[in-house]
Amino acid sequence: MKRRLSKKKQALYTRRIIFVVAIIVVAMLQNVPHLFPSIFGARAFLLIPLVICFGMFETDLVAALLGGFAGALWDVTLAKGDGYNALVLMCFATITSLLINYLMRNNMSTALLISGAAIVLYSLLHWFIFVICSGATGGIVTLFSFYLPSTIYTFIFAPIFYTLLRWVLRKIKE
């Protein structure tokens, strides 16, 4: 005897399948060379604002799993896939979900605030750990010629992802 899913469960599964597909598509856009344009050498770290936006609409456990999955896809494409991105994106998604569920409101200004902070934190941490601590020469030049322009370029996508995600979730609810 088959049991049918309730409308609520069906919407929940649909939403999470859409999230996973979005992560896979955005990871491909970000990580496949020449698939997404770089501007004057600056790359968009598209998975960061996407994971932040997912964290705004999910519980902390699901947000952590989605963030870890997105980071793992990012790490798989790197020459030195050490799990850094999986750990950082999982933490970003979890913290975002906890902030939204217990402290902040879910709106565009909050999305921009959290995305901006996460993008800056990611860029500075990545620069410090993988450029400065590794002893590479020209660390300050790298910060101003790659990391800060990439931060600005990435931030442009935060309102786009938030708006698209909110629209899709409203359509699923209907």
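**Surface, pocket and contacts**

Modeller: Let's start with Phe69, which is partly exposed, with a relative accessible area of 31%. Keep in mind that this is a predicted model.

Biologist: Which helix is Phe69 in?

Modeller: Phe69 sits in helix α3, residues 60-76. It also belongs to a nonpolar patch on the surface, along with Val20, Ile24, Met28, Val32 and Leu35.

Biologist: How much accessible area does that patch have together?

Modeller: About 460 Å². Helix α1 (residues 7-31) gives the most to the patch, with three residues.

Biologist: OK, switching to pockets. How much space lies in the largest pocket?

Modeller: About 510 Å³. Its lining has 17 residues, and those nearest the centre are Ala11, Arg15, Leu169, Ile172 and Lys173.

Biologist: And which helix gives the most to that lining?

Modeller: That's α1, with eight residues. At least two lining residues come from each of α1, α2 (47-57) and α7 (157-173).

Biologist: You mentioned Arg15 by the pocket centre. How many salt bridges does the structure hold?

Modeller: Two. In one of them, Glu58 pairs with Arg15, with the closest N and O atoms 3.1 Å apart. Glu58 is in the loop between α2 and α3 while Arg15 is in helix α1, so this pair ties together parts 43 residues apart in sequence.

Biologist: Which residue does Glu58 bridge to in the other one?

Modeller: Arg16, again with the closest N and O atoms 3.1 Å apart. Arg16 is in helix α1 and Glu58 in the α2-α3 loop, so here the parts tied together are 42 residues apart in sequence.

Biologist: Is Glu58 buried or exposed?

Modeller: Glu58 counts as buried, at 2% relative accessibility. Arg16 counts as partly exposed, at 26%.

Biologist: New topic, aromatics. How many aromatic pairs turn up in the whole structure?

Modeller: A search finds 13. One of them is Tyr84 with Tyr122, a tilted pair at 5.9 Å centre to centre and 45° between the planes.

Biologist: Which helices does that pair tie together?

Modeller: Tyr84 is in helix α4 (residues 84-102) and Tyr122 in helix α5 (residues 108-132), so the pair joins parts that are 38 residues apart in sequence. Both Tyr84 and Tyr122 are buried.

Biologist: And which residues form the aromatic cluster around them?

Modeller: The cluster is made of Phe45, Trp74, Tyr84, Tyr122, Phe130, Phe146 and Tyr147.

How values were computed: Residues numbered from 1 in each chain as written. Predicted model: local features only at pLDDT ≥ 70, side-chain atom pairs only at ≥ 80, totals over all residues. Heavy atoms only, no water. Phe/Tyr/Trp six-rings, centres within 6.5 Å; stacked < 30°, edge-to-face > 60°. Helix = DSSP H or I, 4+ residues; strand = E, 2+ residues; numbered from the N terminus. Buried < 20%, exposed > 50% of the residue type's maximum accessible area, 1.4 Å probe, protein only. Patch = residues over 30% accessible without salt bridge, like charges linked within 9 Å, V, L, I, M, F, W, Y side chains within 5 Å. Areas by Shrake-Rupley, 256 points an atom, 1.4 Å probe, with all protein chains shown as cover. Salt bridge = Lys/Arg side-chain N within 4 Å of Asp/Glu carboxyl O. 1 Å grid on protein atoms, 1.4 Å probe; cavity = no way out; pocket = protein on both sides within 12 Å on 5 of 7 lines; lining within 4 Å. Points joined across faces, edges and corners; volume = space filled by probe spheres on them.
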